[in-house]
Amino acid sequence: MIHKEPLASYLKRRVFLGALGLSEGEPVVFSPLAQGEYNVNYSLIHPRTGKKLVLRINTGSQMHLEDQIGYEFTALQYLVPSGRTPKPLFCDREQGLLVMEWLPGRTLDYKTDMDEAAGILADIHSVPVPEGCRLIRPSCPAQAIYEECLDMVQHYYDWEKRDPEVEALLRQLVKETGNLPLTEKAGEGVPLCMVNTELNSGNFLIDPQGVSSLVDWEKPLVSEPAQDLGHFLAPTTTFWKTDVILSPDEVRRFVETYRTLVGDRMDCRLLPERVSLFLRVTCLRGVTWCAMAFREYSEPGRALVNQDTFRKLKAYMEPEFLAYILDTYVRKDFLA
């Protein structure tokens, strides 16, 4: 990892400068840009073009990949035709970093930008999956999400400081979500595409004067469009960076707008019912991830600590919130 070497020193390396079309000795100005749960991002200024670039450094892999940064870089290469994602410029797999173009825009607003978000996702999902695609492709995506949830929540179950009431609600959520038709194979009318799987509002860049985009491709997969839509629309996602929880009518309108914008690029006949399934299992994914992360944040030794994230984790682990998710989303079809 690059943290073993000062970043300023690394940016003077010949291999790095050459990849950006620079000569030895040309200074590259950088500054902190943003910090995720498993990565750190810096803003770079290209000394010749003056263009802003992003340098991304991994601190871990949620997908348990040995080459996490290479996986992200490959995904960004595949998605260039969408015109909605950052173009990748350079990848150093040994150091765990990549450089990509910087894109303008502000964070998505759920009250004003839903149509724009539908357009972004329609363009991304419509990119054909490349032949020999190296992205992971679960055979049954909903079941794969559920199994991921089981792994994550076990970290909380095994914690000696767990809250018994929270644990009981999590176990009930796991049990009842497991009764959903998670193993049903998607049939005709359910296309495969490249999905982001992490559609928090902060990963959208809305540019009213240009082209809006989607960044942070840490966990892309080959799956069905409904996996992304279910994650984007779920209350565990919308409430993460805001205080918004979408109504059934708002969810339905978004799905119809998305279908209209996709047009004849994909067969979306079964999209509404698939979104309903993925929205429900995504709720479990959201709270089990938070349970795991809450334990991590409560113990010493974590590499990155974001206090805003910690406050939100506490909110998600409140029994009242877990009961709301169970009663409103898991025990009934929210869109029925």
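## Packing of helices and strands

The axes of helix α5 (residues 141–157) and helix α10 come within 8 Å and cross at roughly 25 degrees, where axes are lines fitted to C-alpha atoms, for helices over the stretch in contact, and angles run from 0 to 180 degrees between N-to-C directions. Helix α5 is therefore roughly parallel to α10, a term for angles under 35 degrees, while angles over 145 count as roughly antiparallel, 65 to 115 as roughly perpendicular and the rest as oblique. This is a predicted model, in which local features need pLDDT of at least 70 and side-chain atom pairs count only at pLDDT 80 or more, while totals for chains, interfaces and linings use all residues. Residues are numbered from 1 along each chain as its sequence is written, and side-chain values use heavy atoms, with hydrogens and water left out. Helices (H or I, at least four residues) and strands (E, at least two) are DSSP runs, numbered from the N terminus.

Contact means heavy atoms within 4.5 Å, and the residues that make it include I145, Y146 and C149 of α5 and L277, F278 and W289 of α10. The residues of this contact of α5 with α10 divide into 16 nonpolar, 2 polar and 3 charged; here Ala, Val, Leu, Ile, Met, Phe, Trp, Tyr, Cys and Pro count as nonpolar, Asp, Glu, Lys and Arg as charged, and the others, Gly among them, as polar.

Two packed helices are described by the angle between their axes and the distance between the axes. The table gives two further pairs.

| Helix pair | Angle | Axis distance |
|---|---|---|
| α10 (residues 271–298) and α12 (residues 319–330) | about 165 degrees | 10 Å |
| α4 (residues 114–125) and α7 | about 155 degrees | 11 Å |

Helices α10 and α12 are therefore roughly antiparallel to each other, and α10 passes α12 in a left-handed crossing. Their contact is made by L279, R280, C283 and V287 of α10 together with F321, L322, I325, Y329 and V330 of α12, and by class it has 8 nonpolar, no polar and 1 charged residues.

The strands come next. An open sheet of 5 strands has the order β1-β2-β3-β5-β4, with antiparallel pairing, and two strands pair if DSSP finds at least two bridges between them. Strands β1 (29–35) and β4 (88–92) stand at the edges, each with a single partner strand, so one side of each is left without a neighbour in the sheet. The twist averages 25 degrees from one strand to the next. Strand β2 (residues 39–45) and strand β3 (residues 52–58) pair in the antiparallel sense over 7 bridges, and the bridge partner of N41 is R56 in β3. Helix α3 (residues 68–79) packs on the sheet, where α3 touches β3, β4 and β5 (97–101), and the direction of α3 makes about 160 degrees with that of β4.

Methods: Left-handed = near helix turned anticlockwise from the far one by under 90°.
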